[in-house]
Amino acid sequence: MLVSAKEMLNKAKAGQYAVGQFNINNLEWTKAVLQAAEEMKSPVILGVSAGAGKYMGGFNTVVGMVNGLLETMDISVPVALHLDHGTYEDCKTCIKVGFSSVMFDGSHYPIEENVAKTTELVGITKGKGMSIEAEVGAIGGEEDGVIGKGECADPEECKAVADLGVTMLAAGIGNIHGKYPENWEGLSFETLDAIQQLTGDMPLVLHGGTGIPDDMIKKAISLGVAKINVNTECQIAFAEATRKYIEEGKDLEGKGFDPRKLLAPGTQAVVDMVKTKIKLFGSEGKAE
Ligand code: 13P
């Protein structure tokens with residue numbers, strides 16, 4: 001059964017480790033993340049962006065697929081199904097169709113509007129056994145080929161949003177989605193430290209996990225990050241393994257063109273990547 005991310009993240013924050021959010025894109029991806037988490041005895045969060053949800057046939061289809069897999073794969077570790085960077089409307093849809101967690105990304109609104117919309121959604125999730133993530137300070141990334149320096153959130157605004165009753169808080173600390181540019185200045189630990197001092201026990205979320213050096217990940221965890229999102233790195237691992245299979249001509253040998261064979265090396269690469277991240281984040285063996 002799907003669970004809220006609340007308990008697993010509060011435990012992670014108290015125990016100074018982080019739970020990974022791995023974004024899913026299809027059936028193979030979902031199986032790979034669940035398999036890795038089960039084998040590592042780690043709690044896990046399955047992230048679904050609006051685009052990925054649409055690709056997989058709608059949020060309701062995703063709920064059906066994930067619930068089915070939890071049963072047939074006999075998954076015993078805590079699993080949350082989480083909307084990633086949701087709009088207000090997408091949050092409402094996901095709450096309705098059976099997600100166990102949502103992220104409302106109001107970071108592009110003026111702070112007053114972010115606060116107002118986050119407050120409403122906290123109210124809607126109340127009593128439903130769900131978790132809700134809010135965001136302050138937009139996470140950077142590539143837009144029309146221009147790579148923005150990750151924004152740094154205002155710690156006071158972080159406190160204001162944390163106090164609304166959200167479960168976890170994403171704050172920009174110089175992080176960026178996708179690959180980091182050569183001249184990236186790294187995470188702003190000064191900002192992170194200031195945010196954690198004001199928000200106390202609130203589990204903090206680090207987006208853009210791809211390509212952040214291991215020592216920075218560990219330092220971020222020591223300063224209160226309890227959830228780390230990874231997407232691009234799994235996509236790259238999947239694509240590399242699939243390319244190798246085709247370049248070696250394996251799809252031309254026997255029934256190597258069968259999608260179940262063609263997609264197997266990529267799927268295994270996602271399993272391996274997720275396991276590597278779980279080890280790095282320190283959540284191995286933390287499922288009870
Ligand atoms: P990356 O694609 O950079 O790993 O970021 C994932 C993410 O933050 C999803 O919200």
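Q: At roughly what angle do the axes of helix α4 and helix α5 cross?
A: This is a predicted model, in which local features need pLDDT of at least 70, side-chain atom pairs count only at pLDDT 80 or more, and totals for chains, interfaces and linings use all residues. Residues are numbered from 1 along each chain as its sequence is written. Helices (DSSP runs of H or I, at least four residues) and strands (E, at least two) are numbered from the N terminus. The axes (lines fitted to C-alpha atoms over the stretch in contact, with angles from 0 to 180 degrees between N-to-C directions) of α4 (residues 59-72) and α5 (residues 88-97) come within 9 Å and cross at roughly 40°.

Q: Which residues of α5 meet α4?
A: Two residues are in contact if their C-beta atoms, placed from the backbone, lie within 7 Å. From α4, Phe59, Asn60 and Val63 take part, and they meet Thr93, Cys94 and Val97 in α5.

Q: At roughly what angle do the axes of α7 and α8 cross?
A: Helix α7 covers residues 155-162 and helix α8 covers residues 189-199. Their axes come within 9 Å, and the crossing angle is roughly 35°.

Q: Which residues of α8 make the contact with α7?
A: On the α7 side, the contact is made by Pro155, Cys158, Lys159 and Ala162. Their partners on α8 are Ala194, Ile195, Leu198 and Thr199.

Q: Which residues are the closest to the ligand?
A: A residue is near a molecule if its C-beta atom, placed from the backbone, lies within 6 Å of it. The ligand is surrounded by 15 residues, and the closest are His207, Thr210, Asn229, Asn231 and Thr232.
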